[in-house]
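Trainee: I would like to learn how to read a fold from a model. Please start with the sheet.

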Amino acid sequence: MSGPPPKSPILYTFRRCPYAMRARLALSVAQMDVRVREVVLRDKPAEMLAASPKGTVPVLVLESGEVIDESLDVMRWALAQNDPQGWLSADAAEASALITQNDGPFKGALDRYKYPNRYEAEGIDPLENRAAGLEILRGLSARIAANGGQLLGPAPTLADMAIFPFVRQFAHTDADWWNAAAPEPVKTWLAGHKQSALFRTIMAKFPQWAPGDAEPALPVAG
Ligand SMILES: N[C@@H](CCC(=O)N[C@@H](CS)C(=O)NCC(=O)O)C(=O)O
């Protein structure tokens with residue numbers, strides 16, 4: 001990275017990005033002192049690209065200059081220091097399997113359902129992709145019902161927090177269809193996360209950051 005290391009970790013984030021949301025959820029619950037640089041994806045700051053040339057959010061730049069530019073790594077970095085709600089208490093292999101399914105097949109179906117024009121060359125059918133996504137959600141829903149409310153038990157853990165921002169996007173693509181077609185357990189699970197104080201906290205709005213601007217602190221839970 002260029003320039004002197006920051007005094008507090010700096011988070012390059014985009015409010016509506018589900019990967020950035022999961023990072024902010026963990027940083028906030030862990031009460032990390034992080035400064036926010038809100039990014040517009042079509043106008044990424046040179047400082048962010050210097051720290052992480054791959055150009056995706058979230059990017060966390062630590063005081064040491066170390067850069068963490070994968071959302072799950074940001075979550076694990078925060079929770080390794082402070083995990084007040086026990087998000088790391090569930091079986092790590094089970095959590096990884098669910099997150100891999102989310103970030104792979106579910107995200108693939110979500111994008112093709114939500115943004116079919118981006119995949120015109122593939123000749124895809126958005127509704128087939130919606131059906132594929134729903135099939136995955138039926139599996140999550142059965143787990144939620146069997147485990148007492150969350151994916152890996154009665155209380156939320158890493159998998160829930162890493163996955164629900166993507167299910168939220170899927171649900172919002174056509175809210176009427178979601179309300180009619182989604183299984184109740186996954187609907188209730190999503191509604192609970194969307195209404196939580198933690199989620200509201202991390203959805204605070206910030207203006208696009210530019211060099212020289214003040215850097216607001218990431219709002220922390222509680
Ligand atoms: N594997 C990355 C994926 C992050 C990602 O793809 N973020 C999207 C926004 S939701 C992005 O920054 N895309 C770059 C762009 O649209 O220019 C992670 O987990 O952090």
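Mentor: Two strands pair if DSSP finds at least two bridges between them. Strands (E, at least two residues) and helices (H or I, at least four) are DSSP runs, numbered from the N terminus. This is a predicted model, in which local features need pLDDT of at least 70 and side-chain atom pairs count only at pLDDT 80 or more, while totals for chains, interfaces and linings use all residues. Residues are numbered from 1 along each chain as its sequence is written.

Trainee: What order and pairing does the open sheet of 4 strands have?

Mentor: The order is 2-1-3-4, and the pairing is mixed. Strand 2 (35-38) and strand 4 (67-68) each have a single partner strand and stand at the edges, so one side of each lacks a neighbour in the sheet.

Trainee: In which sense do strand 1 and strand 2 pair?

Mentor: Parallel, over 4 bridges, with strand 1 covering residues 10-13. Within this pair, Leu-11 is opposite Val-36 of strand 2.

Trainee: How many helices and strands does the chain have?

Mentor: There are 9 helices and 4 strands, in the order β-α-β-α-β-β-α-α-α-α-α-α-α from the N terminus.

Trainee: Which residues are around the ligand?

Mentor: A residue counts here if its C-beta atom, placed from the backbone, lies within 6 Å of the molecule. The residues around the ligand include Phe-14, Cys-17, Tyr-19, Glu-70 and Ser-71.

Trainee: What share of the chain is buried?

Mentor: Buried means that 20 or more other C-beta atoms, placed from the backbone, lie within 10 Å of the residue's own. Of the 222 residues, 36% are buried.

Methods. Buried ≥ 20, exposed ≤ 12 C-beta atoms within 10 Å, placed from the backbone.
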